[in-house]
Each structure stands twice: as C-alpha cells, then as structure tokens.
Amino acid sequence: MPAIMAVKPDSARSNPDSTPQKRRLRSDTTAAPDSPISTPVKWKSPRTCTTSSPKTPISRVERDCSENITKSHKSPIKKLSDSLTPTKQKWNPLDSEQMKAVKEAMHVSTAPPNIVCREGEQKRVLEFCQACVEQEKAGSLYVCGCPGTGKSLSMEKVKQLLFHWANEAGHQQPNVLTINCTSLAKTSDIFSKILGESQPRKKVNGATSPLQHLQNLYSQKPQPSGMKMMLIIADELDYLITKDRAVLHDLFMLTTLPFSRCILIGIANAIDLADRFLPKLQSLNCKPMVVTFRAYSKDQILKILYERLMELPYTVFQPQALELCARKVAAASGDMRKALCVCRSAIEMVEAELRESSSNFSSSIVEKAFLEQQRATAPVFLEKQEIDVVRLDHMVVALSKTYKSPIVDTIQSLPQHQQILLCSAVKLFRGGKKDTNVGELNKFYMEICKSALIPPVGILELSSICRVLSDQGLLKLGQSREDKSKRVTLCVDEADITFALQGIRFFRNCLQ
Amino acid sequence: MGRENTVEEALNLLRSRLCNPSFVFKPLSDSPDSNYSKLKFIISSSVTEACNNSILLLGPRGSGKIAVLELVLKDLLVEFPDLISVIKLSGLLHSDDNCAFKEISRQLCAEHQLLFSKMASFDDNSQFMIAMLRECGLAHKTIIFVLDEFDLFAQGKQRVLYSLLDAMQSVTSQAVVIGVSCRLDADQLLEKRVRSRFSHRKLLFLPPSKEDLQRLLEHILSLPVDSTISHDYAVEFNAKLQNMLADEKFKQIIITYMDSDATVNHLLRFLFRAVSYMELGSGFLSLENFKTALSNIQRQPKLECIKDCSILELHILVCMKRLEVKEQNSYNFNSVMKEYKSIRASFQISEYYAWSICLRAFEHLLQRELICFTDNRGQNQSVEFRPVKLLISSHELQQGLKSYRSCPAILFKLMDREV
C-alpha cells in the first residue's frame with residue numbers, strides 16, 4: 001500500500017520566508033552560506049497536520065500553497081474559480097483546435113511558465129547558490145524527493161533565476177553543466193565531462209585521469225584572472241553509486257578542495273543518500289545541504305492543475321472532478337505526473353463519449369429523417385445533449401482505470417482448469433506452507449476436480465498450465481530436471497483470488 | 001479429378017488462413033470496443049496531436065497482442081504514410097542497454113537511409129537517438145517504439161526504459177512507447193522513477209467470449225464464395241459447416257478443449273489439426289475430424305505406454321506401488337521380486353515366471369521409462385541391485401489399469417488395498 005512519506009519537516013511548510021538554520025538537525029554544512037538566523041519555529045510533525053487532511057473541506061485555507069493568498073481566508077479554489085467564471089467561455093470539445101490546446105496544457109512535457117508550490121525550496125537552493133557565487137566558495141547541495149515532485153523542473157528554474165541575478169548583481173555568470181547520470185557509459189565519465197566544461201579548449205593529458213586533473217586544478221591557487229564558478233546539476237545521482245562508492249565520494253570531495261570552484265547540486269530519490277554513501281564527509285564537516293521535495297498534497301495538486309488551466313479561455317473541468325482527482329492522487333503517491341495523466345485520461349473519456357453519441361446520433365437522426373420523410377411532416381430538430389465539460393463520472397472512470405490492477409479481471413477470465421489450479425494452490429498454501437512442488441499441487445488439483453465431477457487433465461497438460469500461469473506472473477515456477485519436482489509459489493494475494501472467483505458458487509464453497 | 005483439386009485447394013486455403021495471424025484477428029477487431037480500436041485511437045491521436053504517450057499491452061501468450069499491434073500499425077502506415085516510423089526492440093535480445101541503443105540507432109539509420117557505423121560507442125548512439133528524436137519532433141514525425149517482452153527490459157538497472165521515457169518528457173520529441181508483455185504485473189516491476197514517467201494505460205487481452213469464438217470459427221472456416229474455388233462446392237461446404245457449428249456436440253468439444261487454455265493461438269493449433277484430418281474423398285469437414293484432433297492433442301503418453309505393457313510388467317509396477325505405499329524409501333529389483341513372491345503366496349496366483357523372464361520385463365520397463373534408477377552412480381552394479389523408482393503416479397497407473405484390455409482383477413484389489 002503506498003504510504004505517505006514520513007520525511008523531515010519541511011521548513012517552508014510553516015514559515016515560507018525564513019530558513020530556520022537551527023532545525024537542520026541531520027545534515028548541516030559550514031560551507032553553507034550564512035543565511036539570516038531566524039527565530040526557531042516550533043517543530044511540527046508532518047503527520048499531525050492541522051491545516052489540511054484528506055478529508056478537509058475546500059473552504060479551509062492551505063497556507064503553504066501560495067504566498068499570495070495567505071492573507072485571504074477564502075479558499076484558493078473558490079477564489080480562482082471566481083476569477084475564472086466571468087471571463088471563461090464554454091469549451092467546445094468537438095473543435096479539434098480546442099481539444100488539442102487542452103491536451104497540450106495537460107501534458108507532462110509542457111513546462112508551465114511559472115512553477116507554483118515549490119517557491120520555498122527554490123528559494124533555499126537559489127540562496128545557497130547566490131551565496132556560493134558571491135563568496136566564490138564551493139558547496140554541495142542534495143535535492144531529494146519522490147518521483148514527480150518537481151525537482152528537475154525547479155532546478156531549471158533556479159538556473160534561470162541565478163543567471164538573471166548574476167547579471168543584475170554584476171557577478172560573473174557561472175558555467176553550467178546539467179548532466180543526467182543515466183546517460184553515462186561509465187560512472188567515471190562524469191569527471192571528463194566536468195573537465196570538458198571547465199576547460200573546453202585545453203587538451204587533456206593522457207597520463208592523468210580526468211579526476212586527478214580536476215583535483216590538481218582545484219588544489220592549486222588559480223591565476224589572477226580568476227576562474228568562473230561552475231554549477232553542476234547531476235540528475236539521478238544514484239546511478240553513480242558503484243560497489244566501492246568511489247565515484248560519488250570523489251565527486252563530492254571535489255567541492256571540499258581548497259581552491260574548488262564548483263557548486264554541486266545532486267538530485268535523487270533516496271532521502272538518506274548523503275548519510276549512507278558519503279559517511280566520510282561527515283568527519284570532514286562538509287556534508288551537503290539537503291533540500292527535501294515532499295510529495296504534493298491535495299491542495300497543491302489542485303493549485304497546480306488550476307494554474308495550467310488558467311491559460312485556456314474556457315472551463316474544461318468541473319471543479320468537483322478536479323478535486324476528486326487531486327484527492328485520489330495525493331492519497332496514493334503525491335506524484336504530479338499521475339495527476340496529469342489521469343486528467344488526460346478523463347479528457348479521452350469525453351472524446352470517446354462524443355464519438356459514441358455522435359454515431360448513435362447520426363444513426364438515430366437518419367432513422368428519424370427517414371421516418372419523417374415517410375410521414376411527410378415538418379422535420380423535428382433533435383436536441384443533442386451538450387457535453388462541454390469533463391464531469392465527475394468521466395473522472396471516476398479515468399481514476400478506476402489508473403488504479404485498478406488487471407489481476408482480478410484476468411483471473412475472472414481464465415479458463416476453467418486454470419482457475420481450479422489457482423484454487424488448489426490457495427488451499428494448499430492456507431495451511432501455512434510457503435511453497436510446494438508440482439506433484440503436490442497435482443494431487444490437490446485432482447481432489448478438487450473429483451469433487452466437482454470434472455475430468456482432470458493429465459500431468460503433462462498440468463505442467464503446461466503451470467507454465468502459462470507463471471508467464472503471467474500469477475505463480476512462480478522453480479527450476480528442476482523433472483516436471484514434478486519444480487517448486488511452485490503463489491505470487492498473487494489469496495484475497496485477490498477469492499474476490500475474483502466469488503461469483504462462481506463452486507469456487508466460493510471451495511475456498512471457504 | 002477436378003473435384004479433388006478443388007478440395008485440395010480449399011484445404012490449402014484453410015491451412016494458410018490458420019497460419020496467418022492478421023487474417024485471424026480481423027473479425028475480433030471490428031467492434032468499437034475491441035482492443036484494436038482502442039489501440040488505434042490512442043496511437044492515432046498521439047500522432048495527430050503530436051504528443052507523447054505510452055501504453056502496455058498485457059495478456060497471456062498467444063492471445064494476439066503482437067498480431068493486433070501489427071494490424072494497427074499496418075493501418076496507420078497507410079493512413080499516415082510519412083508521419084510514422086516504427087522501431088522494434090525485443091527484451092530477449094536487447095535488454096542490455098548497449099545492445100538496445102545500438103539496435104535503435106541501426107533501425108533509425110535504416111529507416112532514414114543514413115550510414116550506420118558498427119564502431120559507434122554507447123555515447124554516440126544515445127546522442128544520436130536524442131538528436132533524431134528532436135529532429136523528428138521538428139518534422140512532426142512520430143517514432144513508435146515497440147518493446148516486446150517488456151518485463152525483460154525491467155531487469156537490472158532499467159536504463160533503456162528510463163532513457164526512452166525521459167526523452168519523451170521533453171516537448172521537442174514525439175514518440176509513442178508500446179510495451180508488450182505476458183506478465184500482468186509488468187508495471188509493478190518498474191522502478192518508481194520509471195513508473196512515474198510511464199503512463200498507466202494498459203490494454204488487457206482477454207480470451208474471446210463464446211459469441212466471439214463462434215464468429216471467429218465461422219470467419220476462419222467458411223470458404224469464400226466468389227474465388228477460384230468452385231462456387232457450388234463452396235456453398236455446400238459452408239452450409240455443412242453452419243450445421244456443424246450449431247451442433248451441441250461440436251460446441252462441447254470446443255468447450256472441453258478451451259477449458260485448459262483459452263487463448264486464440266491454442267484454438268488455432270487445434271483447428272489446424274482438425275482441418276488436416278479432412279477427408280479428401282468427401283471434401284467436407286465433419287464432427288469426426290474434430291473428435292480425432294481432440295483425442296490426438298490430449299494424449300497422455302504414459303497411459304499409452306501402460307496399455308502396451310504385458311501382464312507381468314503390470315504386476316511389477318503394482319508391486320513397486322505397494323512398496324512405495326509401505327513407505328520403503330528405496331527398493332531395487334530384488335525387493336520387488338520379494339514383494340511379488342509374497343503376493344503370489346497370499347493370493348495364490350498360479351502363473352509362475354522365471355527369474356530371468358522377470359528381469360527381462362523389468363528391463364523393458366526401464367527402457368520405456370516407466371521406472372528409472374534413482375542414482376547415476378552405480379553403473380558398475382548389475383541391474384538387480386540398483387535402487388529404482390516409479391515415474392508414473394498412482395492415479396495414472398490406476399487409469400492405465402482401467403483402460404487395459406483384460407486386466408486381471410487381482411491387480412485392482414492390490415492397488416486398492418493399503419497393505
């Protein structure tokens with residue numbers, strides 16, 4: 001069952017404007033810039049959330065959602081929809097241009113112009129980078145969070161903001177290297193890439209490895225002209241973890257060298273990557289700062305969805321439909337990509353409904369026209385039911401398609417003997433046994449067949465049935481020279497099988 | 001003469017149809033609710049709207065996933081001739097990321113008539129793929145990646161999947177990733193970051209319903225009326241076929257056959273056999289053809305072996321069974337003979353067989369693999385002393401005895417008794 005991540009309290013939750021240094025219990029770095037010391041805020045456990053819960057009615061305000069609406073007590077959704085209603089027209093789903101625009105707005109790959117709900121985290125990272133650039137010191141930062149929480153997107157934004165700020169404040173613009181660690185053939189290639197970026201015209205001496213070269217470079221006093229700072233954003237950092245953890249370690253150690261010029265930002269999913277894989281840095285007192293991107297809450301998802309829909313001049317979704325989607329996704333994983341996927345799926349439901357109704361409509365209008373001709377009366381204008389908004393029922397179907405597992409459907413549609421075999425496996429494993437072999441299973445299977453007066457299939461056919469079921473992932477077959485002694489384990493929950501087969505009386509009695 | 005030629009021609013036509021998956025799956029794809037239309041809608045909307053998409057096709061082996069996909073792709077290539085290019089990968093061959101990227105680059109090069117160099121490194125290939133995706137995105141051309149045996153790509157570090165799906169996250173590329181797998185939980189096998197990028201769309205390929213099955217049989221086995229085959233013969237053939245399809249016994253045969261495996265492929269194998277049994281003399285399919293095919297497919301080789309055994313060999317098998325029931329862990333020919341002697345004594349069986357004849361019968365059983373040695377080490381010992389075990393279960397033995405032509409009643413008694 002997907003559990004809500006219990007992570008360290010995000011400081012932005014209660015106080016978006018300050019960075020309480022005191023609360024960074026685990027990983028604090030002295031190389032971090034001296035940010036303003038704020039008053040320590042009372043530590044609030046992320047679970048005991050008094051401002052919002054899955055059952056919160058919409059009218060409650062969610063403070064960390066937006067800095068703009070902190071003052072008002074009106075719900076953000078109501079306020080947005082108020083601002084929406086006067087200017088929005090009706091959506092015409094039959095117009096392909098409009099449909100295309102809606103789908104594009106809801107696509108995962110469209111980056112929204114302004115990124116909401118991540119202002120706090122972006123601010124922290126930006127301040128860290130700014131301090132590094134100002135003081136011309138190196139530093140490292142580790143960004144972690146579940147997939148779909150906006151990490152890479154936020155880092156792109158921070159990059160742009162940093163450039164903007166560097167131009168305005170008159171500092172030298174840093175070099176930037178954005179690298180996705182999955183695209184490296186060898187983990188040590190990252191050093192040659194860093195070297196290539198920092199010294200693009202110099203040829204690398206074959207004798208020294210890129211890592212050594214970099215280490216030499218950063219240990220010597222730089223020329224008076226000064227080198228530019230380099231911002232390295234390493235995405236999917238856990239691909240660099242090797243058995244001896246050398247590459248990751250060396251990468252972070254680069255920032256600790258006396259004349260190092262790199263600001264390293266690593267992005268990964270694991271919260272404790274820094275603790276687990278970089279223990280030596282603790283002793284040197286230069287552990288990277290950790291910024292956690294928590295999974296989105298229901299209100300955050302809702303806000304982001306509305307932000308995307310705001311550019312369109314028409315209302316596409318019923319507010320209840322969006323709220324249902326946000327609730328479901330927030331409860332399951334808090335993954336924004338899923339939410340967008342579900343919304344697109346709901347739009348496709350509308351398309352399918354339109355196609356069906358238009359084919360029914362056209363056939364019924366042909367019928368009617370024919371009848372009218374026969375009767376020679378004035379033609380009646382048929383009222384077509386207008387579908388101009390994605391309704392709650394569309395969203396419900398889309399959500400059930402996303403979150404339903406195909407296992408129950410498949411078990412219900414299996415042929416009879418395969419179902420009997422699954423049944424006998426369930427009965428066998430009820431006694432507490434964990435695995436058995438095909439011969440034992442055969443005995444149970446034949447007993448059940450006898451009780452149902454169905455002729456059982458032979459052992460050859462039975463082993464091929466076992467193989468088919470193991471291909472589908474319902475059973476697991478071990479290896480053995482003889483068919484009969486292959487080990488069999490059940491991969492599906494007993495409750496799922498019981499639920500799937502409850503419609504058939506025989507299996508219901510059998511599995512009691 | 002002419003009649004035989006016609007019949008042969010019809011037979012060839014039927015057999016070639018049964019081997020052609022795109023012909024077989026046509027009728028199943030006609031309804032708007034079918035997987036064919038759903039898949040076609042998803043891919044064509046991705047192509048026309050220039051957005052990225054991903055979908056999984058799940059179903060047991062032989063349920064027609066690749067066949068339906070091929071049908072859809074064929075139709076789409078006709079509908080959008082220049083807007084689609086297809087790249088096919090297989091999890092059995094290309095699950096290693098080096099191989100996968102090389103193969104992608106090779107297929108892209110072949111499609112766009114570029115020169116492919118086998119010396120290209122992994123970096124070059126991945127850069128090439130990303131560049132091609134961008135170029136095709138600019139040219140509004142969609143690349144469709146078909147990943148067969150999708151669950152095998154999910155082994156190891158899943159780099160191929162991650163790179164493909166990550167490339168689809170950017171606006172510049174236009175790609176559709178179609179995964180085909182027989183594992184129902186294929187998307188549970190993905191790492192969470194890969195799963196987050198993969199859309200949840202799944203198409204289940206379930207076995208056909210009874211009505212679908214009926215339509216399928218009609219579609220495959222009916223001869224075309226207006227082809228080179230003579231018109232009258234075809235009409236008569238179809239009429240007889242309709243009668244047979246409506247027959248209850250025929251339906252029962254099909255149901256019995258499909259009870260163990262309900263996939264379309266399984267049915268096709270059965271139909272092929274049945275059609276091959278068609279008599280060239282009469283030229284029509286009859287119920288007998290299907291019955292013969294059923295009994296031939298559902299063979300039980302060990303039972304047939306038992307039917308060929310002599311009475312002495314049956315006695316030996318029953319004695320071994322009794323020894324097993326008495327929970328003797330290992331026994332050899334001598335202990336079997338002892339058991340046989342005790343049975344003869346207690347039941348006063350009159351027949352007497354010499355030692356050498358019994359040994360010969362024992363060796364026959366070994367050759368037919370109804371029994372075998374339990375260890376491979378004692379090659380130097382003679383046959384009498386090496387431990388043996390039964391290779392058939394008691395149920396099979398009982399069934400064999402029942403179907404034996406003139407099995408002595410004593411054997412049944414011995415099988416039933418505990419001691």
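**Ground rules.** I am working with a predicted model, where local features need pLDDT of at least 70, side-chain atom pairs count only at pLDDT 80 or more, and totals for chains, interfaces and linings use all residues. Residues are numbered from 1 along each chain as its sequence is written, chains are lettered from A in the order in which they are written, and side-chain values use heavy atoms, without hydrogens and water.

**Entry 1, overall form.** I looked up the secondary structure of chain B and found 21 helices and seven strands; these are DSSP runs numbered from the N terminus, helices being H or I of at least four residues and strands E of at least two. I noted a C-alpha trace spanning about 95 × 60 × 35 Å along the principal axes of chain B.

**Entry 2, burial.** In chain B, 51% of the 419 residues are buried (under 20% relative accessible area, with exposed over 50% and partly exposed in between; 1.4 Å probe, protein chains only).

I found 50 positive and 50 negative side chains in chain B, with the centres of the two sets 6 Å apart. Lys and Arg count as positive, Asp and Glu as negative, and His and the chain ends are not counted; each charge is placed at NZ of Lys, CZ of Arg, CG of Asp or CD of Glu.

My search of the whole structure gave 34 salt bridges over all chains (a side-chain nitrogen of Lys or Arg within 4 Å of a carboxyl oxygen of Asp or Glu).

B:Arg197 pairs with A:Glu236, the closest N and O atoms being 3.8 Å apart. This pair crosses between chains, from helix 10 (residues 192-197) of chain B to the loop between strand 4 (230-235) and helix 8 (246-253) of chain A. Both B:Arg197 and A:Glu236 are buried.

B:Arg61 and B:Glu149 form another salt bridge, at 3.4 Å from N to O. The two are 88 residues apart and link distant parts of the chain. B:Arg61 is partly exposed at 42% relative accessibility, while B:Glu149 is buried at 16%.

B:Glu324 and B:Lys321 meet at 3.1 Å, N to O. Both lie in helix 17 (residues 311-325) of chain B, three residues apart, about one turn of the helix. B:Glu324 is partly exposed at 31%, and B:Lys321 is buried at 11%.
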